[in-house]
Amino acid sequence: MRRGQTPTGNLPRNVTEDPVPTRIAILGGGQLARMTAAAAFRLGLEVGVVARQAEDSPATLMATRTWIGDWSTPELLTDVATWAQVVTLENEFVDARVLAELERRGVSVRPSAHTLATVQDKLTQKEALRKAGLPVPRFAAVESAADMFSVGRELGWPLMLKARRGGYDGYGNELVRKPEDAAAAFEKLSRKGSELMVEEFIPFTAELAIMVARNPQGEEAAYPVVETVQHAHMCHTVLAPAPVSARTAARAEELGRAVLRAIEGVGIFGIELFLLTDGDLLINELAPRPHNSGHFTIEACMTSQFENHVRAVMGLPLGDTSMRTAAAAMVNLLGSQDGESVPRGMDEALKVRGANVHIYGKHRSRPGRKMGHVTVCADSVVEAREKALQAARCISL
């Protein structure tokens, strides 16, 4: 309790508190919704999950109320708006107009439709950050391969071609090394239907990330900055804290907090950063939700990213983000084949001292699909990483 506060249990009888919302609906039925729901249950909330399909939506097992179907349909939206006091989301692929309709019906939507509309289009995201004076790679919209040639003359080659919407885990990105490759890359990404943009290629020394939470009252909480290690454009390992200088860590936190203010963010946000050779940082991309780089917080921090997301969107005070341990490492468990998911090797993985295994409960596996993760807390990042990898190698899904 902060100095000067009155304990709730000792409030004078003539003093009343504003009622706290007790019902939250999550748009999305995957593992992020599942872990968010678990955190919400700890706080005594009722949790609704809106999943597009009943099969292979692990969050539905954690819900007190479930809706299955297209969340843009009027009937489903009406039902959600009638039941939920707060609506949040587990991914940025929800049409912002859906959130705007829920807001119109009087539901507290966090992050807001305005914030999501800004973030889910990578071009408008970068424009908002640049307008706020935050450091981002140089970028431009492109409508044809010919546009890439002119942009390439200004930004140089190679270029990073990106789908403005819908890309994640490396999907929707193409590295275009020279002008002769532009036409094929543009054709490959444009056939998926999204408008495209390009960014200058950044020769970074490391990829960093930081989770920052913010509630409607403007209270903010930042987690320690982490290093993310990618395999095939997908996050494989997260090391906490990142092996960077105190100056770099402080700058990462400063940028993370500034990002949420710039986009009026409420909830938890993942901010991906490039560490440059001169020690400066550039903002890569944002995720308006719990993020893979924050899973370590479940075991390693006083308050997990999922609980602080729930606290933030419900308008509650934010929890302590400091680490319980000197270091931690998280390793993703990815699918290795198409077919039914049957975890194997759990007995050996659980023999690894300190291994915390999370299996997401997805029924179907496919190569590269995120099926779970392992976190280990230890006295050093090296020890945590070695043990997390040891446990992860035991499991196949």
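## Briefing: sheet, cores and salt bridges

An open sheet of 4 strands, paired in the antiparallel sense, runs in the order 6-9-7-8. Its edges are formed by strand 6 (139–142) and strand 8 (173–176), each of which pairs on one side only, and neighbouring strands of the sheet are turned against each other by 25 degrees on average, direction ignored. The model is predicted, with a chain average pLDDT of 93 and 95% of the residues scoring at least 70.

**Sheet and packed helices**

- Strand 7 (residues 159–163) and strand 9 (residues 196–200) are antiparallel partners over 5 bridges, and within this part of the sheet K162 has M197 of strand 9 as its bridge partner.
- Helix 5 (residues 122–131) lies across strand 6, strand 7 and strand 9, and runs at about 150 degrees to strand 6.
- Helix 6 (residues 145–155) also packs on the sheet, where it touches strand 6, strand 7, strand 8 and strand 9, with a direction at about 170 degrees to that of strand 6.

**Nonpolar cores**

- The largest nonpolar core has 26 residues, of which L208, V259, I271, L273, I283 and L286 touch the most other members.
- Two or more residues of this core come from each of helix 5, strand 10 (206–214), helix 8 (246–262), strand 14 (267–275) and strand 15 (281–287).
- Leaving aside residues up to four places away in sequence, V259 touches L129, L134, I271, I283 and L286.
- A second, separate core comprises 22 residues, including W67, V87, L99 and V107.

**Salt bridges**

- The structure holds 25 salt bridges, one of which joins the side chains of R164 and D121 at 2.8 Å, N to O.
- This pair links distant parts of the chain, 43 residues apart, with R164 in the loop between strand 7 and strand 8 and D121 in the loop between helix 4 (113–120) and helix 5.
- R164 counts as buried at 13% relative accessibility, and D121 likewise counts as buried, at 5%.
- K188 forms a salt bridge with E174, their closest N and O atoms being 2.7 Å apart; because K188 lies in helix 7 (residues 182–190) and E174 in strand 8, the pair ties together parts 14 residues apart in sequence.
- K188 itself counts as partly exposed, at 37% relative accessibility.
- R191 forms a salt bridge with E187, with 3.9 Å between the closest N and O atoms; R191 counts as exposed at 59% relative accessibility, whereas E187 counts as partly exposed at 44%.

Conventions. Residues are numbered from 1 along each chain as its sequence is written. This is a predicted model: local features need pLDDT of at least 70, side-chain atom pairs count only at pLDDT 80 or more; totals for chains, interfaces and linings use all residues. Side-chain values use heavy atoms; hydrogens and water are left out. pLDDT is the predictor's confidence in each residue, from 0 to 100. Two strands pair if DSSP finds at least two bridges between them. Axes are lines fitted to C-alpha atoms, for helices over the stretch in contact, and angles run from 0 to 180 degrees between N-to-C directions. Contact means heavy atoms within 4.5 Å. A nonpolar core is a set of buried Ala, Val, Leu, Ile, Met, Phe, Trp, Tyr and Cys residues joined through side-chain atoms within 4.5 Å. Buried means under 20% relative accessible area, exposed over 50%, partly exposed in between (1.4 Å probe, protein chains only). A salt bridge is a side-chain nitrogen of Lys or Arg within 4 Å of a carboxyl oxygen of Asp or Glu.
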